[in-house]
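Here are my notes on this one, as numbered points. Have the structure open while you read.

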Amino acid sequence: MTADNGAAAAGLAPAAGAGVIHDLGYQHYDGPRLGRAAIIRALYWHSLRSAFGIGRGAKAKIVPLLAFGLMCLPAIANAVAVATSPDHARIVDYDTYTYPLRTLVMLIFVAAQAPELVSRDLRSHVLPLYYSRPLRRLDYPLAKYAAFTAACLLLVEIPLIILYLGTIVSVGGGSAVWDQTKALIPGLGVAALWAVLLAAIGLLLASFTGRRAYATGIIAIYFFLSWILAKLLVSIAQAGPGPGPAGLATSHIPLGARLPGLISPFTVLDGVRQWLGGTSQGPIPNPGSVGVAYGLMFVLLLAVSLGGLALRYRKVGAA
């Protein structure tokens, strides 16, 4: 027993400036250490929840909920139309799924939620804490990218499932259901391409700054301006001598109207869709013989975005 404890036992206050020893019961952790894989899973799950504002206040859930609601509206309207139409004809295509609405909603969602996953950590300077655990330099961006891709997938794939279910409950016969299933599968593949590419670009742009507002502005400006520019150049080229509407055969579409779509990720995605066999009319003319250029541009955008994200976090992690 120390002198201070003896004084305390005697009911006396310790002398000024003297220390008091308190036993707080701290013990060493002797339980299992889950390691790197468990950390990546935890980081992935936390990031996926953050993309939808789960675990945070009501304000953080506004954009994800509005985005999801808007994306589901065409599917709900289609279900009503199919149920009330005499021929039960579907009014929304699986592969394009009201392209202007999907483009606008994904632009807002990626611009608002990508900074939520990475910008806060940069601003709070918590990356050294992550890397003090058994994490490799690329594990952090890999977990963030996987989580944000999954979030984008949920946003674009669930409305397609609703569209499919709302259609098959009204059509009759197994052959009609099978026809809808065959149309759904390519639509799901196109939606997956959207999620993979937009998540990569959004996270790369968001990783350049720790300020969430700046990151949102950078992403929104890039997506919006490139989209508007591509549409404008396509319209100008189609207004020249000899062009036809987007639905004409590719032999009647001038080359100048088929190339501007390479400017924007959104039009690149539609060019890839048409190149892979999509027949629904999209925002740009059918690329035809230059369709491979859209495929290469998709790969290039994805590679640059993922490579840039990896280099960015190698630099940040080493700082």
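**Notes on the helices, salt bridges and surface**

1. What covers the buried residues of α8? The cover includes α4, α7 (174-206), α9 (255-258) and α10 (265-275). The buried residues in α8 are Ala215, Ile219, Phe223, Ser226, Trp227, Ala230 and Val234. Here "buried" means under 20% relative accessible area, "exposed" means over 50%, and "partly exposed" is in between (1.4 Å probe, protein chains only). A contact means heavy atoms within 4.5 Å.

2. Before going further, a word on what you are looking at. This is a predicted model, where local features need pLDDT of at least 70 and side-chain atom pairs count only at pLDDT 80 or more, while totals for chains, interfaces and linings use all residues. Residues are numbered from 1 along each chain as its sequence is written, and side-chain values use heavy atoms, with hydrogens and water left out.

3. The overall picture is helical: eleven helices and zero strands. Helices (H or I, at least four residues) and strands (E, at least two) are DSSP runs, numbered from the N terminus. Of the protein's 319 residues, 43% count as buried. Take the contacts with a separation of 6 or more: 75% of them come from residues 24 or more positions apart. The protein exposes about 16,400 Å², and carbon and sulfur atoms supply 68% of that. Accessible areas come from the Shrake-Rupley method with a 1.4 Å probe; for residues, only the protein chains shown count as cover.

4. Back to α8 (residues 212-238) for its length. Its 27 residues should span 39 Å at 1.5 Å a residue, and its end C-alpha atoms are 39 Å apart, so the two agree. The expected span of a helix is 1.5 Å times one less than its number of residues.

5. Now α4 (residues 99-124), which has 26 residues. From its first C-alpha to its last it reaches 37 Å, close to the expected 38 Å. Where is the kink in α4 centred? On Glu116, with an angle of about 40°; the bend at a residue is the angle between axes fitted to the seven residues ending there and the seven starting there. α4 is mostly covered, with 19 of its 26 residues buried. After α4 comes His125, whose phi is positive, near 55°.

6. Glu116 also turns up in a salt bridge: its side chain meets that of Arg120 at 2.9 Å, N to O. A salt bridge is a side-chain nitrogen of Lys or Arg within 4 Å of a carboxyl oxygen of Asp or Glu. Both residues lie in α4, four residues apart, about one turn of the helix. An α-helix has 3.6 residues a turn, so residues three or four places apart point the same way. Is Glu116 buried or exposed? Glu116 is buried because its relative accessible area is 7%, whereas Arg120, at 37%, counts as partly exposed.

7. Searching the whole structure gives eight salt bridges. Elsewhere, salt bridges that share partners join Arg56, Glu116, Arg120 and Arg212 into one network.

8. Compare the pair in α7. The side chains of Lys182 and Asp179 meet in a salt bridge at 3.8 Å, N to O. They are three residues apart in α7, so about one helical turn separates them. Lys182 counts as partly exposed at 43% relative accessibility, and Asp179 counts as partly exposed at 44%.

9. On the surface, have a look at the nonpolar patch formed by Phe68, Leu70, Leu73, Ile76, Val80, Leu154, Ile158 and Ile162, with about 620 Å² of accessible area together. The elements giving two or more residues to it are α3 (62-84) and α6 (139-168), and α3 gives the largest share, five residues. Patches are made of residues with over 30% relative accessible area and no salt bridge: like charges are joined within 9 Å, nonpolar side chains (Val, Leu, Ile, Met, Phe, Trp, Tyr) within 5 Å.

10. Last, Leu101, which sits in α4. Leaving aside residues up to four places away in sequence, Leu101 touches Leu70 and Pro74. Leu101 and Leu73 are 28 residues apart in sequence and 9.9 Å apart in space, C-alpha to C-alpha. At 25% relative accessibility, Leu101 counts as partly exposed.
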